[in-house]
Amino acid sequence: MEKQLLYDLLNVATVVGNEEAGQEIALAYGKEWADQQLTDAVGNTISVVNPEAEFKVLLCGHMDEIGFRVTNITDAGLIQVQEAGGVRPKLYIGAPMQIIHETEEDGKIVRHKVPGVGVTSPVMLKNADFETKDILIDIGASSKEEAAAVVAIGDSVCGDTEVRELLGENFTCRALDDKTGVFVILEAVMKAKAAGAKMGLYANAAVGEETTCRGAYFASATIKPDCAVIVDVTFASDAPDFPASRSGEVKLGKGPVLCHSGVTNKKLNRLMAEIAKEKDIPIQWEVSGGRTYTDGDTVQQTVSGVPFTLISIPLRYMHSSVEVGNWQDLAWCIDLIAEFLVRIDKEFDFRPIKA
């Protein structure tokens with residue numbers, strides 16, 4: 001497991017709609033082992049193993065992270081924003097922020113990081129109805145003109161945090177949702193190839209999950225996979241105020257999470273559970289009564305219907321700048337999916353009931 005890959009992914013901003021900095025890293029990593037690489041108009045980057053194989057497995061982890069876009073610069077040089085994805089506005093009061101300003105230089109896009117802080121005030125802190133429109137970002141400018149020299153309308157904005165190692169193989173950063181998923185699928189496909197996987201494996205660092213799930217949808221519609229493995233994050237019930245009654249008991253460091261749902265494929269879930277038992281990989285279960293709120297929901301609706309299984313990574317404090325994950329959970333996810341990719345073949349029957 002190459003931890004540096006995840007460090008590299010987390011250390012760049014990839015607010016939904018501006019995922020390219022992370023996609024460049026994913027492409028460079030996949031180039032070392034992929035037989036083919038694909039990109040498309042929406043921004044997906046797909047590393048492929050065995051592209052000639054008739055049977056195809058699509059794997060999706062999404063590169064986009066929640067954040068904001070600049071909408072206005074006040075006369076005082078403060079930045080105002082619109083949300084991009086499921087942000088929680090009050091968390092950004094007094095928080096370190098970064099604005100990514102893109103320019104074109106010699107025919108290439110150059111990204112300039114502009115540091116800032118979320119303005120804090122007694123009025124903001126007392127405002128129980130604080131919304132995104134109330135956020136102000138201070139970049140140190142004293143006027144609109146000074147700020148406009150380094151920031152433009154439409155620039156992406158997110159928290160400015162770095163990876164920090166915690167106790168118990170835990171670590172924290174923003175955007176573990178879902179760069180940990182991108183990390184897992186790239187590592188798993190590389191490992192499966194080394195182990196002799198014969199089927200077509202399509203590792204998609206998908207875009208746009210936090211808003212429309214468009215990246216996974218278009219990748220699936222184009223590739224026409226026989227099945228899909230979606231890797232995303234799920235709420236850990238060992239965080240305060242997230243009772244197990246919500247969707248199941250899920251803890252950090254206790255293994256990958258499989259999903260009981262009306263939309264996940266029972267046969268694929270069963271195979272994943274059998275592999276985990278055989279390989280002594282601990283697994284956990286969550287319940288999603290309807291949609292899974294992942295890329296799987298849209299992938300399933302492509303072609304003539306794509307059966308999928310959802311592998312979730314336990315996560316504390318989702319959709320914040322201080323998300324917490326566990327390295328051992330990631331390692332187990334990689335091992336489980338890699339073994340699945342070696343075993344799955346064109347004879348597998350996805351049907352839960354036969355005529």
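The lining of the largest pocket draws at least two residues from each of strand E13 (227-235), strand E15 (284-288), helix H8 (296-299) and strand E16 (308-315). Helices (H or I, at least four residues) and strands (E, at least two) are DSSP runs, numbered from the N terminus. The model is predicted, so local features need pLDDT of at least 70 and side-chain atom pairs count only at pLDDT 80 or more, while totals for chains, interfaces and linings use all residues. Residues are numbered from 1 along each chain as its sequence is written, and side-chain values use heavy atoms, with hydrogens and water left out.

**Pockets**

- On a 1 Å grid over the protein atoms alone, a pocket is an open set of points with protein on both sides within 12 Å along at least five of seven lines, and a lining residue has an atom within 4 Å of a point.
- Grid points are joined across faces, edges and corners, and a volume is the space filled by probe spheres set on the points.
- The largest pocket holds about 590 Å³ of space.
- Its lining has 27 residues, and Phe235, Thr292, Tyr293, Thr294 and Met318 are the closest to the centre.
- E13 gives the most to this lining, with 4 residues.
- By class, the lining of the largest pocket has 8 nonpolar, 11 polar and 8 charged residues.
- In these classes, Ala, Val, Leu, Ile, Met, Phe, Trp, Tyr, Cys and Pro count as nonpolar, Asp, Glu, Lys and Arg as charged, and the others, Gly among them, as polar.
- The second largest pocket holds about 210 Å³.
- This second largest pocket is lined by 17 residues, of which Asn11, Val12, Ala13, Gln98 and Ile100 are the closest to its centre.
- Helix H2 (20-30), strand E6 (96-105) and strand E7 (108-118) are the elements that give two or more residues to the lining of the second largest pocket.
- E6 gives the most to that lining, with 3 residues.
- The lining of the second largest pocket divides into 5 nonpolar, 5 polar and 7 charged residues.

**Cavities**

- A cavity is a set of grid points where a 1.4 Å probe fits but cannot get out.
- Searching the whole structure gives 2 cavities of 30 Å³ or more.
- The largest cavity has about 90 Å³ of space.
- Of its 13 lining residues, Glu65, Ile66, Arg174, Ala175 and Ser320 are the closest to the centre.
- The lining of the largest cavity has 4 nonpolar, 4 polar and 5 charged residues.
- The second largest cavity has a volume of about 40 Å³.
- Residues lining the second largest cavity include Phe235, Phe242, Pro243 and Arg246.

**The sheet of 8 strands**

- An open sheet of 8 strands runs in the order E1-E2-E12-E3-E13-E16-E14-E15, with mixed pairing.
- Strand E1 (36-39) and E15 are at the edges with a single partner strand each, so one side of each is left without a neighbour in the sheet.
- From one strand to the next, the twist averages 25°.
- Two strands pair if DSSP finds at least two bridges between them.
- E13 and E16 run parallel and are joined by 8 bridges.
- Ile230 has Leu310 in E16 as its bridge partner.
- H2 packs on this sheet and touches E1, strand E2 (45-49) and strand E12 (200-206), with its direction at about 15° to that of E2.
- Helix H9 (residues 327-343) also packs on this sheet, touching strand E3 (56-62), E12, E13 and E16, and its direction makes about 165° with that of E16.
- Contact means heavy atoms within 4.5 Å.
- Axes are lines fitted to C-alpha atoms, for helices over the stretch in contact, and angles run from 0 to 180 degrees between N-to-C directions.

**The sheet of 3 strands**

- An open sheet of 3 strands has the order E10-E11-E17, and its pairing is antiparallel.
- Strand E10 (164-165) and strand E17 (323-326) each have a single partner strand at the edges, so one side of each is left without a neighbour in the sheet.
- E10 and strand E11 (residues 170-173) are joined by 2 bridges.
- Arg164 has Thr172 in E11 as its bridge partner.
- H9 packs on this sheet, touching E10, E11 and E17, and its direction makes about 55° with that of E17.
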